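The sequence and structure come first.

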Amino acid sequence: MKISRQTTDYQKYPLNIGHERPVFGWNVEGEEREIRQESYRISVWRGECGLGEMVWDSGRTESSRMTGICYGGKALVSDCRYGWRVEISCRHGAGESLTLTEESWFETGYFDREEWKGSFIGETSDHIYHLYRKTFALDGEIRRAKLYICGLGHFECWLNGKRVSDHVLEPGWSDYNKTCFYTAYDVTDLAEESGNCLLVKLGDGMFNVPGGRYVYYERSYGKCKLLVQLVLEYSDGRKQLIVTDSSWKMAPGPIKFCCIYGGEDYDARLWKKEYLYADYREEAVWEPAVCVAPPEGKLSAMPMEPMKVMETYRPVSIKETRPGVWLYDFGTNFSGWVRIRVQADKNMAGSKIVMKTGEIINEDGTLNQRVTGEGYAWNYILDENREQEFAPDFTYTGFRYLEMTGAIPEEERKFLSEQNTETGEENSLPVITEMVGEFIYPDVEQTGDFKCSNQLFQDIHEIVLQAIKSNTKSYFTDCPHREKLGWLEQTHLIGPSIMYNLDVHNLYVKTEGDMADSQWENGLVPNICPEYVTGFEKWHRGFLDSPEWGSACILSPWYVYRRYGDSGILEKYYDVMKKYINYLGGKTHHEILHHGLGDWLDIGPCTPHSQNTPVPVVATCIYYYDLDIMKHIAELLNKAQDAAEFAERMECVKKEYNLQFLDNQTGRYANGSQAAQAMSLMTGLVPEAFEEKVVDELKKDVVKREYAITAGDVGHPFLVAALMKFGMSDLLNEMTNITEKPGYGYQVVNGATTLTEEWDGPEPGHPHGSQNHLMLGSIEEWFYGSLGGIELIRGELPFDEICIAPRPQAGVDWVEVRVMHPYGKITVSWRRVNGEIEVTCQVPPNLTAHLEAPGEGVLRTVGSGNYTYRFGG
C-alpha cells in the first residue's frame with residue numbers, strides 16, 4: 001500500500017501557482033480489499049520538506065477526503081518553492097491501521113503586478129513580427145533559474161539555442177481586457193557560465209486579429225507585446241533579474257504574415273541559428289526594442305495545462321490532382337498543423353511552398369475549403385540550406401487534407417529520377433522528404449477508455465473522442481477552423497462526455513473565469529466566452545443571449561463539483577451564478593422564458609434553428625434546471641435564505657410551465673418532441689402523477705420514428721439521460737445502431753473520422769457544416785454510464801460512493817470501460833458467459849461501490865478491490 005498521484009491545484013509539481021490558497025490531493029494504491037483512509041495530516045514548508053520554515057500544519061484530521069483540501073497556513077510568498085508532506089492513516093478491512101507518508105512540492109508565481117520589474121516591449125504596427133533578443137552573463141554559481149513570460153498573443157522562447165519548453169500556442173486565450181496569462185519555466189539546466197542569450201518570437205493569436213486573408217471576425221486588444229522576468233538565484237542567496245526593457249534588441253523576424261484564422265507565411269531567409277547564441281554579434285538590423293503600453297488585463301498565472309503536440313499522423317495517400325498540385329490525405333480529421341522536412345538546392349532559395357488545408361474534397365479530388373475558411377494557407381519560403389524544416393508557430397486549423405504546390409513528394413522525386421536518367425533532365429523543385437500532421441491539444445490525462453464488441457459503437461466512440469480532443473484548446477471551441485470560438489452550451493451539455501474521457505478540471509476552472517470576465521453588468525453571460533464577437537444585433541439576438549448557452553456559468557461548475565469533488569469553484573463563482581440566474585428571472589413573462597436559440601440544429605427541414613420544440617419550452621427547462629442546481633449549491637455553501645428563495649421560484653415556474661405546456665390527457669409537452677419530453681423529465685418539471693404518461697409518450701415518439709433522432713444540440717443530451725434514467729437503454733441501443741438515418745451511425749458509415757456539426761454532416765455528395773464538432777457527443781454518457789455501468793455525474797450518491805450497474809444490450813457481447821475517479825482507477829468489464837452476464841470490476845481505495853444488476857437492484861456493497869459477479873443475460 002502506498003500514496004501516489006500527489007497534486008497541488010490538480011497538477012503534479014506545478015511551477016506557477018498564482019494564488020495563495022492552493023488545494024492538495026493524493027491517491028492510495030494497494031492490492032488489499034476495503035482500503036479506507038481514516039485521517040490525514042498535511043505539513044508545508046517554505047523550501048524543501050522538513051527544512052526551513054514550516055508554514056502550515058493541518059494537524060491530524062479525521063477524514064477520508066483525499067482531494068480538494070485547501071491550504072490554511074501562513075501567507076505564501078511569490079516566486080518560491082514549497083515542499084509538502086502528507087501523512088495518512090489507512091485501514092483495510094478489519095486489519096490494523098497503517099501510517100503512510102509521501103512528499104511533493106510546488107512553486108508559486110507572482111501574486112502582485114508590482115513584482116514584475118520590467119516593461120512591456122513589442123510591436124507598433126500590424127503584420128510586423130520582430131525577434132526580441134537579450135544577452136547577459138552570470139555572476140556566480142547558479143542555484144535556480146526561473147523564467148516568467150507574458151507574450152501576447154503567443155510566443156516561442158529559446159535560451160542558449162534550446163526551446164524553454166515543448167508547449168505551443170502559449171499563453172492561453174482570454175478576455176485580454178480583464179485577464180492576461182503568464183507562464184513559468186525552470187531553465188536552470190539551460191543557463192551557462194560563459195554567456196547567455198534569450199530569444200523570443202511573437203505572434204498575434206487571439207490577441208490581435210487584423211485580417212488580411214480569411215478571417216472570421218476582425219478584432220484587436222493591441223499589437224503583439226512581451227514581458228519577461230528571468231530570476232537568477234545564486235548559491236550564496238543573491239538574486240538577479242533579467243527583464244524586458246529598451247536594452248533588449250529587436251530585428252525583423254521570419255514571419256511575414258500570421259493570423260489565427262488565415263494561416264502563416266514564413267521566410268526562412270530571415271532566420272539565422274546564430275541569433276540563438278550569446279556569441280553572435282548583432283548586425284545593423286538589430287535595434288533597441290520599443291517599450292509599449294501594457295495590456296489592460298490583470299496579469300494572472302495560467303491555470304490550465306499547456307497545449308502540446310500530443311499525437312502525430314502520417315499521410316495515408318499522396319496524389320497529384322493537377323499538374324504540380326499534390327493532395328495529402330492524413331486519413332483522419334484533426335486539429336493542429338503539419339511539420340515538413342525539405343531537401344533543396346542552394347539556387348532554390350526564395351522559392352515558395354504553399355500548403356492549403358481542408359476537411360473535404362471535390363469530386364475531382366481537389367481540395368475544398370468551403371466549410372473551413374477559403375484562403376487558409378501556410379506559405380514557406382526557402383533559404384539556402386540543403387535540409388530544411390518548417391511548422392507554423394502561431395496558427396493552427398482543423399483538417400484532413402492538405403494541398404501542396406511548389407515542391408514534390410519524395411516518392412515522386414524517385415519516379416522522376418528514373419525518367420530523368422533517360423532524358424538528362426534535372427528536377428527543379430524542392431523535395432518534401434517528410435510531412436507529419438501534428439495533433440495539438442492540452443497536456444491532460446486521458447482518464448477514460450471505452451471498448452466493446454459492437455464495432456459501430458467503437459467507431460462512434462472514436463469519432464466523438466477525436467472531436468473532443470480537436471476542440472479542446474484554451475477553451476472548448478465550436479470548431480477548430482472556421483470560428484475557433486468558445487460557444488458555451490457544449491461545456492455543460494457535453495460536459496459529462498468530456499469528463500469521462502479527459503481530465504479537464506483546470507480547463508473548466510479557467511472557462512468559468514472566462515465567463516466571469518465576460519459577464520455584463522446586468523448579469524448576462526454572453527453565448528461566447530471570451531466574448532470575442534460582438535454586433536450580433538444584426539443577426540439573431542439568440543447568438544448573444546440564449547439561456548441554454550449562458551447557463552453554462554451555473555451548470556458547468558456543478559458538473560465539475562460532481563465529477564472532481566471541487567466545491568471551491570462553486571464558492572468562488574457563486575456571485576456570478578446568482579447574478580445570472582437573477583438576470584434570467586428578470587426576463588421571464590409569467591415565469592416562462594421566451595428567448596434564445598432553443599434546440600439548435602435539431603433535425604428537420606428548417607435547419608439550423610429550433611423547429612421541433614418551441615423555444616420557450618427549451619429555455620424554461622434550462623431556467624428551471626438552473627434554479628434547481630442553484631438551490632443545491634446554496635445548500636452546500638450554507639446559504640439557507642438563497643436556497644429557500646430558489647425553491648420558491650422553482651414552485652412558481654413548475655406550476656406555470658405545466659399550465660402552459662402540459663397536455664394532461666396525453667402526457668405531451670408542447671408538441672411532444674423528443675427534446676420537450678426528455679428535457680421536462682430530466683429537469684424535474686414533470687409532476688409525479690404524470691411521469692409515467694410523459695415517459696410513455698417519449699417512448700412512443702422514438703418508436704414511431706423508427707428510432708430516428710429528432711433532438712438537436714440542446715435536447716439530445718437530455719434525451720440520452722432520460723432514456724437511461726427511465727429504463728429505456730434498449731431504445732438508445734436501437735437508435736445508436738441506425739446507419740441509414742442522420743445520427744451517429746450515419747456519420748460513421750459515410751466516412752466521418754470526427755463528429756460533425758450536423759447529424760447528417762457527411763452527407764454523400766454534399767458534406768455540409770463543420771466536419772469536426774464536439775457538441776453532439778452526449779452518447780458517451782450512455783457508453784460509459786449505461787453500457788459500461790459507471791455513473792459519475794448525474795447520479796445522487798456522495799462523492800466517495802459509486803454505483804456499478806452495467807446494462808447489457810442486444811448485439812453487444814462484451815464491454816470494457818476505465819474511468820479515473822479522483823481517488824483512483826475504476827474499471828468494469830462484462831461479457832456473456834453461458835447465458836449469463838459476468839461482470840468484473842475494480843474499485844479504488846477510499847470508494848464504496850454498490851454493485852447492481854438490471855431489475856435486481858443492489859446485489860452487494862463493497863469497498864476497494866477486485867470483484868466478479870453474475871446476473872441473468
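The side chains of Glu489 and Trp549 are joined by a polar contact of 2.8 Å. A polar contact here is a pair of N or O atoms within 3.5 Å; within protein, one atom must be able to donate a hydrogen and the other to accept it, and residues adjacent in sequence count only if both atoms are side-chain atoms. The model is predicted: local features need pLDDT of at least 70, side-chain atom pairs count only at pLDDT 80 or more, and totals for chains, interfaces and linings use all residues. Residues are numbered from 1 along each chain as its sequence is written, and side-chain values use heavy atoms, with hydrogens and water left out.

Glu489 belongs to helix H3 (residues 489–493). Helices (H or I, at least four residues) and strands (E, at least two) are DSSP runs, numbered from the N terminus. Glu489 is buried but has no salt bridge, and Arg482, the nearest side chain of opposite charge, is 10 Å away. Buried means under 20% relative accessible area, exposed over 50%, and partly exposed in between (1.4 Å probe, protein chains only). For charge, Lys and Arg count as positive and Asp and Glu as negative, while His and the chain ends are not counted. Apart from neighbours within four places in sequence, Glu489 is in contact (heavy atoms within 4.5 Å) with Glu548, Trp549, Asp713 and Met775.

Salt bridges are found elsewhere in the chain. Side chains of opposite charge can pair when their charged atoms come close. With a salt bridge defined as a side-chain nitrogen of Lys or Arg within 4 Å of a carboxyl oxygen of Asp or Glu, the count is 57. The table lists three of these pairs.

| Pair | Closest N to O distance |
|---|---|
| Arg81 and Glu48 | 3.9 Å |
| Asp642 and Lys578 | 3.2 Å |

Arg81 and Glu48 form a salt bridge. Arg81 is in strand E7 (residues 81–92) and Glu48 in the loop between strand E3 (35–46) and strand E4 (53–57), 33 residues apart. Arg81 is partly exposed at 24% relative accessibility, and Glu48 is partly exposed at 41%. Both belong to a network of salt bridges that also links Asp79, Glu107, Arg143, Arg144, Lys146, Glu233 and Lys239.

Asp393 lies in the loop between strand E32 (387–390) and strand E33 (397–405), and Lys201 in strand E15 (residues 196–203), so the pair ties together parts 192 residues apart in sequence. Both residues are buried.

In the salt bridge between Asp642 and Lys578, Asp642 comes from helix H11 (residues 640–661) and Lys578 from helix H9 (residues 574–586), 64 residues apart. Asp642 is buried, with a relative accessible area of 12%, whereas Lys578 is partly exposed at 26% relative accessibility.

Turning to strand pairing, an open sheet of 4 strands runs in the order E39-E40-E44-E45, with mixed pairing. Strand E39 (790–791) and strand E45 (857–862) are at the edges, each with a single partner strand, so one side of each has no neighbour in the sheet. Two strands pair if DSSP finds at least two bridges between them; E39 and strand E40 (residues 801–804) pair in the antiparallel sense over 2 bridges. Glu791 stands opposite Cys803 in E40.
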